Amino acid sequence: MSGGKEMFRAKTAKGAKGETGKCLSLRPLRETPSPLGARAGSCYKRWMLLHFTKMNGAGNDFVVVDNRQGQLPLTCAAIARLCDRHRGVGADGLLAVEPAEGAADFRMRYYNADGGEAEMCGNGARCFARYAGRLAGMSGRIRFETQAGIIAAEFVGELVCLSMSEPQGLRLRENVALANTLLTVHSVNTGVPHAVVMVDDLEAVPVKEYGAGLRFHAHFAPRGTNANFIQPLDAGSIAIRTYERGVEDETLACGTGVVASALIFHELTGAPSPVAVRVRGGDTLQVGFEGSRGAYQNVTLTGPADFVFEGKIEI
């Protein structure tokens, strides 16, 4: 390597089918003096070679890492750099596998693309389940801790069915004024807060403008909200576009937003379970549930979780 940096290698163990990522052993890097020497104030920099897996859940993409040893320097700056689509790997967020603190199999840590930690991510949780299941050689069912509670995942072929935490705080038909319009907004927390607006023409909605307006609106202070715009397709399905908090832009899919939108669609129209939700990335997710009027149980989210590629990058 040039520039006076000495990098260490990351070792991965291969599984029976040649899969990598079952074990990540990272050795600390030697401190390397700045080329400017003492005049730079004896500046030192540490480098680590991070082994990562890129995954995709219905178009929502993630950098996924094994942090069971607790050795990875997952600072806000490092995560933001990894998620940067020009200077890093590029992703909507980062998922880290950590040891469980209770009776679950693992703990899921989820970070938005800006480096801030969030309580939950539905599409991320499906990807996390497949990745952690591969690490542990589990093929049936897996349970993991999140800030939104314990999530159970069942592997159904190439799909993953998540048993979600119970939604909280349902509110319907509230008027929220933006700069140039008045929106009728519905909201519910499905692990993270979501606002939902039903529209007649999904393609005509200025998602970034309206989404940012809702995300930072005083009505949802101080934590802010994700913003979803839905259009009914038929009695049992909707199409959705989502502005994600932390990404601060429209994304191709948001699992917790899909769940929130399906439940609110049921509240407004009486659509039965399961509700099919077509996301911007083109996939259709299924939301199952029992109950009504804000009292929901056995909420599930079923959809894809795909491995894209593996790589190594300096952090």
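Because the model is predicted, local features need pLDDT of at least 70 and side-chain atom pairs count only at pLDDT 80 or more, while totals for chains, interfaces and linings use all residues. Residues are numbered from 1 along each chain as its sequence is written, and side-chain values use heavy atoms, with hydrogens and water left out.

Helices (H or I, at least four residues) and strands (E, at least two) are DSSP runs, numbered from the N terminus. Two strands are taken to pair if DSSP finds at least two bridges between them. Strand 10 (residues 141-146) and strand 11 (residues 149-156) run antiparallel and are joined by six bridges. The two strands form a hairpin with two residues between them, and Thr146 stands opposite Gly149 of strand 11. Strand 11 also pairs with strand 12 (residues 159-163), in the antiparallel sense and over five bridges. Here Ala153 has Leu162 in strand 12 as its bridge partner. Strand 11 and strand 12 form a hairpin, again with two residues between the strands, in which Gly157 takes a positive phi near 65°.

Helix 2 (residues 122-136) has 15 residues. From its first C-alpha to its last, helix 2 reaches 21 Å, close to the 21 Å expected at 1.5 Å a residue; the expected span is 1.5 Å times one less than the number of residues. A residue is called buried under 20% relative accessible area, exposed over 50% and partly exposed in between (1.4 Å probe, protein chains only). Because 14 of the 15 residues of helix 2 are buried, the helix is largely enclosed by the rest of the structure. Gly137, which follows helix 2, has a positive phi near 70°.

Salt bridges were counted next (a side-chain nitrogen of Lys or Arg within 4 Å of a carboxyl oxygen of Asp or Glu). The structure holds 19 of them. Arg130 is buried at a relative accessible area of 19%, whereas Glu158 is exposed at 55%. Lys208 and Asp249 also meet in a salt bridge, at 3.9 Å from N to O. Lys208 is in helix 3 (residues 207-215) and Asp249 in strand 18 (residues 249-251), so this pair ties together parts that are 41 residues apart in sequence. Asp249 is partly exposed, at 29% relative accessibility. In the salt bridge of Asp92 with Arg85, the closest N and O atoms are 3.0 Å apart. Asp92 is buried, with a relative accessible area of 6%, while Arg85 is partly exposed at 48%. A network of salt bridges links Glu98, Glu101, Arg107, Arg109 and Glu117.

A pair of aromatic rings is described by the distance of the centres and the angle of the planes. Rings of Phe, Tyr and Trp (its six-membered ring) were paired if their centres lie within 6.5 Å; planes under 30 degrees apart count as stacked, over 60 as edge-to-face and the rest as tilted. By this rule there are five aromatic pairs. One of them, Phe52 with Phe309, is edge-to-face, at 6.0 Å centre to centre and 80° between the planes. The pair links distant parts of the chain, with Phe52 in strand 5 (residues 49-57) and Phe309 in strand 22 (residues 306-314), 257 residues apart. Phe52 is buried at 5% relative accessible area, and Phe309 is partly exposed at 38%. The ring centres of Phe289 and Tyr296 are 5.7 Å apart and the planes stand at 85°, so this pair is edge-to-face. Phe289 is buried at 9% relative accessibility, and Tyr296 is buried at 4%.

Grid points are joined across faces, edges and corners, and a volume is the space filled by probe spheres set on the points. By this rule there are two cavities of 30 Å³ or more. The largest cavity has a volume of about 90 Å³. Its lining residues (those with an atom within 4 Å of a point) include Tyr110, Asn112, Met120, Cys121, Glu244, Arg245 and Cys254.

Notes. 1 Å grid on protein atoms, 1.4 Å probe; cavity = no way out; pocket = protein on both sides within 12 Å on 5 of 7 lines; lining within 4 Å.
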